[in-house]
Amino acid sequence: MDAIFLARLQFGLTAGFHFLFPPTTLGLTLIIVVVETLYRRTKNGIYKDLSVYLVKILGTVFVLGVATGVVLEFAFGNNWAAYSRTVGDIFGAPLAAEAVFSFFLESVFLGILVFGRNKVSAKAYRRSAILVFLGAHLSALWIIIANSWMQTPAGFRMEGGRAVLDNFVKAAFNPSTVVRFVHTILGGWITGGLVAMAIAAWLMLKGRTAEKAAVLMRTSLVVFAASAILQLGSGHAHSIQVTRTQPEKMAAFEALWKTMDGAPFTVFGIPDEKNERTLLAVHVPKMLSMLVHFTPNGKVLGLNEFPKDERPPVLLPFAGYHLMILFGVLFIVMGLAGLWLRAKKKLETCRGYLKLLIWTVPLAYLANETGWIAAEVGRQPWAVYKVLRTSEAVSAVVPAGNILFSLVLFVALYALIGAAGVGIIFRTIRGGPGDVEVGVRKGEV
Amino acid sequence: MAAWDALRNAWFLLIGVLLAGYSLLDGFDLGVGALLPFLARTEDEKRSLIAAVGPVWDGNEVWLLAGGGALFAAFPLAYATVFSGFYLALMLVLFALILRAVSLEFRAHDAARKGLWEAAFVGGSVVPALLFGVALGNVVVGVPIDAAGEFTGSFFTLLRPLPLVFGLLGLSAFLMHGAAYAALKTSGELRERARRTARAMAVAFGVAFVLSFVMVWNYLPAALGKIVAWIFAAVVCLALVLFFAALKKGRDGRTFALSSAAFLGLWGIVGAIQYPNLVRASDPALSLTIKNASSSALTLKVMFLIALVGMPLVIGYTIYAYRVFKGKGDAGGAGY
């Protein structure tokens, strides 16, 4: 195994594992802010109990995000020294800004959320929740700015082999930043919404704290359903942006081997990259042209337009993109079904739906991960699109053996903290809202 | 060009401020973590110490992330050389920080593996507290770098006498600082133990400081000509003397302030010796300096504005959070 492959694998695994937690934080902080706001309006203790419950879960999710996030701050120097030297003039700033504007905000006020409920007023507590929410979302903004610059670099010039900043606003708000930010945030809200709904569903199925479970279900259903529906629009806008700014990536998403006027949307298929064809393909004629150009005979560029050494791999982006869309559609259906059941006043009694909610939770995480894989593998062979190849971005001085060694340890450590973390989250959930005594064990406050 | 140089100087200073801020704030919780098994005898005492750092360690650690991010943004060539060159050492620090980040939360909520997570907190505190000094010692004494700015040594290059002594100096400073904080935040028998430990660690710090001086004298004699470094060395000595006095009088707040001052003095010495180098090379002509390793003037300017807006806010709400959690510990409070 060569160093480039191992470095990519290490980044992929560490970033992919990390990416389980921030979307959860985005969604949970939103629901906590909603619950705290409802508590202020109604003074109903149910909301306070729910907030206590969700903050406990958030606390565990958050430390897992911190533990796995620290690695990424230094990963570019470790394994991607050539990358850091070439584009550090632009790429370093958003990472630093993320720490200054969001990590501090999130961490300091999360301390107050988790430990300070009895030390600050209800008003200050609600404000702390809002600031954690704000910090988490600002963090997403800065990291998406950095990542979007790799997809659609702007606001720079090349000078002596290094990218040099020309215009900060253009670099930060490059052609893909805003749409990718919205898409990622909505992915987080769907995730957090679904997690909260599943928790409520589990409480209902167990017949526990019925009133609180119902309130949690209603609140999170609104977040989940609205986000799932909005995600349809944001996903569509994102696809149009990719078609315009990274056409070979869209060609890989759709396994479109040849340029076509009136390109079909491939619902299912198995891309065969060697022979440039899609096996068992199920097409909807002219649908892709319709979607990205709003006209049935619009021209969509195929992979044949691009030199072979500038084409992304097809299988992973294709599979990731299509799975993500499949899950996205499923979330819309489930959101609408939930709203319909609620209107019929059957939401709490339809056990089939409640069970389905619980089993759907992993799909929210899979949707985030597959979308991310499609986006980043679809960017290949570039680390920074048309600026720097991934193969030229690695650290020259780090031997493959060192990367492998650290990779093995990362996997072992992440398995350990992941398993323990999930165990703790499940135990917190089982403790239930407002009857925490049930969950108290020896030695725990 | 003049403006560019001014910005480079400002960023040299700012990164120093971020790292110093890190060592003052996360420094005490690293110290408390490393000393936990020595300071606390009972579960209640452990809980008191953990309650003293629980709400704040995470915000404290962000100073390191901010320092790392700022180094990347302002001096990307130094960031690339150090973190790819010191690969295995940095990985050890990262593994420690990963375990440490989850350890307190998991210790409180994963009863079956409580011992494991406690060990993770202690080990995860000791390893970075030792290795930060080793890493700093290396960039100060000089490392083999080629013309492309690539580190050409190995893991064992890092384990030379001066860096190792700097490692011990850093570790003793973290321990002294942590013990002083523990005394400030606890009461009774635990506080007395923390004060005795603080005294012992301050003695160790004094010894390590003298040893470090010998090392610098031997391996980096040019540093002895830096007047500013002598001034900061005097600050460290004065702070240490006053530290013993304050400790004796039981003035916990002042003791903690003085260990902070000693830490700041160390950073002053390092900055004075190091300027304008970021990473000294074994061949001085190849050293990475604030000039040849910096970002463009525009990037430095934008970053400066970000720091100018952001850092006062950070300092403001950090002070607010410390006021919320001020006073002696309360093991019976919310959380862990």
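What share of the 445 residues in chain A is buried? Buried residues make up 55% of them. A residue is buried if 20 or more other C-beta atoms lie within 10 Å of its own, exposed if 12 or fewer, and partly exposed in between, with C-beta atoms placed from the backbone.

Before you click further, some ground rules. This is a predicted model, where local features need pLDDT of at least 70, side-chain atom pairs count only at pLDDT 80 or more, and totals for chains, interfaces and linings use all residues. Residues are numbered from 1 along each chain as its sequence is written, while chains are lettered from A and ligands numbered from 1 in the order in which they are written.

**Stop 1: chain A**

You will find 13 helices and eight strands. Helices (H or I, at least four residues) and strands (E, at least two) are DSSP runs, numbered from the N terminus. The radius of gyration of chain A is 23 Å, close to the 22 Å of the globule rule for 445 residues, so chain A is as compact as a globular protein of that length. That radius is taken over C-alpha atoms, and the globule rule is 2.2 Å times the number of residues to the power 0.38.

Take the contacts in chain A with a separation of 6 or more: 75% of them join residues 24 or more positions apart. Two residues are in contact if their C-beta atoms, placed from the backbone, lie within 7 Å.

**Stop 2: two helices of chain A**

Select α3 (45-78) and α4 (81-115) of chain A. They pack at an angle of about 160°, and their axes are 11 Å apart. That makes α3(A) roughly antiparallel to α4(A). Axes are lines fitted to C-alpha atoms, for helices over the stretch in contact, and angles run from 0 to 180 degrees between N-to-C directions. Angles under 35 degrees count as roughly parallel, over 145 as roughly antiparallel, 65 to 115 as roughly perpendicular and the rest as oblique.

The crossing of α3(A) and α4(A) is left-handed. A crossing is left-handed if the near helix is turned anticlockwise from the far one by less than a right angle, and right-handed if clockwise.

Show side chains next. On α3(A), the residues that meet α4(A) include A:Val55, A:Phe62 and A:Phe76. On α4(A), A:Leu95, A:Leu110 and A:Val114 are among those that meet α3(A). By class, this contact of α3(A) with α4(A) has nine nonpolar, three polar and one charged residues. Here Ala, Val, Leu, Ile, Met, Phe, Trp, Tyr, Cys and Pro count as nonpolar, Asp, Glu, Lys and Arg as charged, and the others, Gly among them, as polar.

**Stop 3: A:Phe62**

Stay in helix α3 of chain A and pick A:Phe62. Is A:Phe62 buried or exposed? It counts as buried, because it has 27 C-beta neighbours inside 10 Å. Leaving aside neighbours within four places in sequence, A:Phe62 is in contact with A:Thr25 and A:Leu110. A:Phe62 and A:Gly88 are 26 residues apart in sequence and 28 Å apart in space, C-alpha to C-alpha.

**Stop 4: where the chains meet**

Show both chains. Here 63 residues of chain A are in contact with 61 residues of chain B. On the chain A side, α3, α4, β2 (162-165) and α13 (400-431) each give two or more residues. Which element gives the most? α4(A) does, with 23 residues. By class, the chain A side has 36 nonpolar, 17 polar and ten charged residues.

**Stop 5: chain B**

Chain B has eleven helices and two strands. Its pattern along the sequence is α-α-α-α-α-α-α-α-α-α-β-β-α. The C-alpha trace of chain B spans about 55 × 35 × 35 Å along its principal axes. Of the 336 residues of chain B, 60% count as buried.

Finish in helix α9 (residues 227-249) of chain B, at B:Phe232. With 20 C-beta neighbours inside 10 Å, B:Phe232 counts as buried. Not counting residues up to four places away in sequence, B:Phe232 touches B:Gly265, B:Gly268, B:Ile269 and B:Ala272.
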